[in-house]
Structure formats: structure tokens, C-alpha cells
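Dear colleague,

I am handing over the structure we spoke about, and it is shown just below. My notes on it follow, arranged by region.

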Amino acid sequence: MNESTKRDAPVAPAAEASEGGAELTPFDLLALEAHDAGSAGSEAAGRARVDQLAQRFYDIMEVQEPALAMLHARDAQGRIDQGSRERFSLFLLGWLGGPGEYMERYGHPRLRMRHARVPVDIAMRDAWLRCMSQALTDCGVSGELRTFLDERFAHVANFLRNIEG
Ligand code: HEM
């Protein structure tokens, strides 16, 4: 493990879940809870739920946290760029314990490095977390999985702070 991998270590909730002896990753749980009973538990159901979460997250950001939304690449209509949404969705897929396609396509997330141009202070961190919290609620993520994800997102968001205040 090199230095930058170590610095980015807190970004893997799935790995931590399995260290604790749990068999199921957050991705598995999201798939199992899928509302479409016909596909519940399948990889496709998990993917659909993760993508719904990512899209909802940015939709909320556009409306409720304009200062944060402005830091993101936007399309001609002023919406947060579809490419950014897709990369975040793919990242979440792997981060939650699903297929590691983000890593295959883009390499290690190196979140601190990729956020280096973004001023992350306490206000931005909290704005990001408010969007994610609302998106998780809207996507019906609750119970122990919700508590676990709230903690993990809070941890990573705090780890990404790179300016005082
Ligand atoms: C703490 C406050 C945060 C702020 C202000 C922030 C802001 C941003 C911005 C401005 C981008 C660039 C998007 C673009 O170029 O359009 C980005 C990308 C990204 N963010 Fe964050 N972010 C935050 C937290 C997080 C957290 C907690 C995670 C993970 C759990 C995360 C994961 C990502 C990923 C995966 C990308 C895409 C990287 C790529 O280009 O492949 N961010 N973020």
C-alpha cells in the first residue's frame, strides 16, 4: 500500500463491514431492499438503487445548496453535468461494495487529490452531508444501514476538508 492509498483509506465502508464479520455489503443490502420485488437482490436492482441515490443527491444539491452546486461542472441548462453524476454513481457502486467499475475506468478514487481544487470548509462539508442525508431519506434507506452510511459519509466528508473554517 503506498502513501496516497493509505491517505485515502477511509473511503471503503464495504471493506470495514466485512472485517467485522458481516457477510453482506451495503450494496447487497440496498439490492435486497429494492422495491421491485421481481429484481430484488439482483445486481441490477442494486445498481438501479445506487444510481437513484446519486441522481437524487445532485437534484437536491441543485435546488437546496446552490453554492455547492456552483462548484460542479454544469451543462447548458445549468444542471449538474451528467458525466459528473455518472462518475459519482459508479464510485458509489464500488464504495458500497458493488462492482469496482470506477476503479477499472478511472483508477483509485484518490478523493483528497480529486477535491484539491474544491474549497471544502465546514459549511461545504455540512451542505454536502445535508444533500446526502436528504437523498438517503428520499431513497428509503433506513435502519442500521442508514446509521452505518450516515457515519461513513460524515467521516469521508470531514476527511476531505482542506481549508480552515
Ligand atoms: C465534503 C464536501 C464535498 C464537496 C464540496 C465536494 C465537491 C465535489 C466537486 C466540486 C466535484 C467535481 C465535480 C465536477 O467536476 O463536476 C466532486 C467530485 C467527486 N466527489 Fe465530491 N465533494 C464533497 C464530498 C465528497 C464525498 C464525501 C465523496 C465520497 C463519499 C465525494 C466523492 C466524489 C467523487 C467520486 C467525485 C468524482 C471524481 C471524478 O471526477 O471521478 N465527494 N466533488
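As background, an α-helix has 3.6 residues a turn, so residues three or four places apart point the same way. The length of helix 10 was also checked: at 1.5 Å a residue its 17 residues should span 24 Å, and the end C-alpha atoms are 25 Å apart, which agrees.

Within helix 10, Leu149 counts as buried because 20 other C-beta atoms lie within 10 Å, and 20 is the number at which a residue is called buried. Setting aside neighbours within four places in sequence, Leu149 is in contact with Pro26, Leu136 and Val141. The C-alpha atoms of Leu149 and Leu96 are separated by 9.1 Å, although these residues are 53 apart along the chain.

**The model as a whole**

Please keep in mind that this is a predicted model. The average pLDDT of the protein is 90, and 87% of the residues score at least 70. Over residues 1–7, however, the pLDDT is below 50, and this stretch has four contacts in the model beyond near neighbours in sequence.

The secondary structure comes to ten helices and zero strands. Of the 165 residues in the protein, 26% are buried, and among the contacts with a separation of 6 or more, 63% are between residues 24 or more positions apart.

**Around the ligand**

Which residues are closest to the ligand? Of the 23 residues that surround the ligand, the closest are Ala73, Ser84, Phe91, Trp128 and Ala157. The elements that give two or more residues to this shell are helix 6 (82–95), helix 8 (111–114), helix 9 (122–138) and helix 10 (143–159), and the largest share, four residues, comes from helix 6. By residue type, the shell divides into 16 nonpolar, three polar and four charged.

Helix 6 has 14 residues and reaches 20 Å from its first C-alpha to its last, close to the 20 Å expected at 1.5 Å a residue. Phe88, Leu90, Phe91, Leu93, Gly94 and Trp95 are buried in helix 6, and Phe91 is also one of the residues closest to the ligand. Helix 6 is followed by Gly97, whose phi is positive, near 105 degrees.

For helix 4 (residues 43–64), the 22 residues should span 32 Å at 1.5 Å a residue, and the end C-alpha atoms are 31 Å apart, which agrees. The buried residues of helix 4 are Ala45, Gly46, Arg47, Arg49, Val50, Leu53, Ala54, Phe57, Tyr58 and Met61, and they pack against helix 3 (26–32), helix 5 (66–69), helix 6 and helix 9.

Ala34 lies in the loop between helix 3 and helix 4, and it is buried because 20 other C-beta atoms are within 10 Å. Ala34 and Ala44 are ten residues apart in sequence, with 9.8 Å between their C-alpha atoms.

Apart from neighbours within four places in sequence, His115 is in contact with Val120, Leu160 and Asn162. His115 and Asn162 are 47 residues apart in sequence, while their C-alpha atoms are 8.6 Å apart in space.

With best regards

How values were computed. Residues are numbered from 1 along each chain as its sequence is written. This is a predicted model: local features need pLDDT of at least 70, side-chain atom pairs count only at pLDDT 80 or more; totals for chains, interfaces and linings use all residues. A residue is near a molecule or strand if its C-beta atom, placed from the backbone, lies within 6 Å of it. Ala, Val, Leu, Ile, Met, Phe, Trp, Tyr, Cys and Pro count as nonpolar, Asp, Glu, Lys and Arg as charged, and the others, Gly among them, as polar. The expected span of a helix is 1.5 Å times one less than its number of residues. A residue is buried if 20 or more other C-beta atoms lie within 10 Å of its own, exposed if 12 or fewer, and partly exposed in between; C-beta atoms are placed from the backbone. Two residues are in contact if their C-beta atoms, placed from the backbone, lie within 7 Å. pLDDT is the predictor's confidence in each residue, from 0 to 100.
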